[in-house]
Amino acid sequence: LGTFTKDISGDDFLPGDIFSMKGHVWMCLGKATDGSLLIIHATVDGDLGSGIQISALSQDEDCKAYELANSHMQQYYPEWSTRFNAVRRDVRLYTAQESENCGRFRWTISENGLEDPEGYLSMTAEQILSDLYK
C-alpha cells in the first residue's frame with residue numbers, strides 16, 4: 001500500500017503522508033505556498049477531552065500554514081479552538097528524530113493502488129482546505 005522511511009526532511013512531505021513520532025501520529029494536509037506544512041492530528045488531554053487539531057510545521061514563526069490552521073480552527077471548530085488553539089512547531093523537531101518508532105509512511109498512488117481523483121497531490125495546502133471546506 002505504500003512505503004515507510006526514517007530518512008525524511010520537511011521538504012519530503014506530500015498531502016496524505018502519515019508521520020509517526022513517539023506514539024503520536026499526524027497526517028500532512030499539504031504544503032502551503034511558503035513551503036510550511038499544514039498537518040492534522042488528534043490531541044488528547046485528560047481534563048479537556050480529545051479531538052482533532054489543525055496545526056503547522058515550519059521554522060518560520062509567521063508561516064502561511066499556521067495562518068491557515070488558526071483561521072480554520074477558529075472558523076470551523078470554534079469551541080474546540082478555545083481549548084486547543086492551532087500551534088506552530090519547528091519542522092526539525094519532528095523530522096530529526098532518532099527513535100525506531102519515528103518515520104513517514106507514503107501511500108502508493110498508481111493505477112493498481114489508491115487514486116487521487118481530486119488531484120490533491122498537485123495542490124497547495126490553501127487549495128486543499130478550500131476544497132475540503134467548500
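Q: Leaving aside neighbours within four places in sequence, with which residues is His 72 in contact, contact meaning heavy atoms within 4.5 Å?
A: The model is predicted, so that local features need pLDDT of at least 70 and side-chain atom pairs count only at pLDDT 80 or more, while totals for chains, interfaces and linings use all residues. Residues are numbered from 1 along each chain as its sequence is written, and side-chain values use heavy atoms, with hydrogens and water left out. His 72 lies in helix α1, where helices (H or I, at least four residues) and strands (E, at least two) are DSSP runs numbered from the N terminus. Apart from those sequence neighbours, His 72 is in contact with Ile 54, Tyr 77, Leu 129 and Tyr 133.

Q: Is His 72 buried or exposed?
A: Buried means under 20% relative accessible area, exposed means over 50%, and partly exposed covers the values in between (1.4 Å probe, protein chains only). The buried residues of α1 are Ala 65, Leu 68, Ala 69, Asn 70, His 72 and Met 73. Because its relative accessibility is 11%, His 72 counts as buried.

Q: How many Å apart are the end C-alpha atoms of helix α1?
A: The expected span of a helix is 1.5 Å times one less than its number of residues. Helix α1 has 13 residues (64–76) and should therefore span 18 Å. The distance between its end C-alpha atoms agrees with this expectation, at 18 Å.

Q: How many residues apart in sequence are the parts tied together by Asp 17 and Arg 104?
A: The side chains of Asp 17 and Arg 104 meet in a salt bridge with an N to O distance of 3.8 Å. Asp 17 lies in the loop between β1 and β2 and Arg 104 in strand β7 (residues 103–107), so the pair ties together parts whose separation in sequence is 87 residues.

Q: Is Arg 106, which meets Asp 17 in a salt bridge, buried, partly exposed or exposed?
A: The N to O distance between the side chains of Asp 17 and Arg 106 is 2.7 Å. Asp 17 is buried, with a relative accessible area of 2%, and Arg 104 is likewise buried, at 7%. Arg 106 has a relative accessible area of 21% and is therefore partly exposed.

Q: Which residue of β3 is the bridge partner of Ile 18?
A: Two strands pair if DSSP finds at least two bridges between them. Strands β2 (residues 18–21) and β3 (residues 24–31) run antiparallel and are joined by 4 bridges. In the hairpin of β2 and β3, which has 2 residues between the strands, Lys 22 takes a positive phi near 50°. Within β3, the bridge partner of Ile 18 is Met 27.

Q: Is Leu 1 buried or exposed?
A: Leu 1 is found in the segment before β1 (2–5). Its relative accessible area is 79%, and Leu 1 is therefore exposed.

Technical notes. Contact = heavy atoms within 4.5 Å. Salt bridge = Lys/Arg side-chain N within 4 Å of Asp/Glu carboxyl O.
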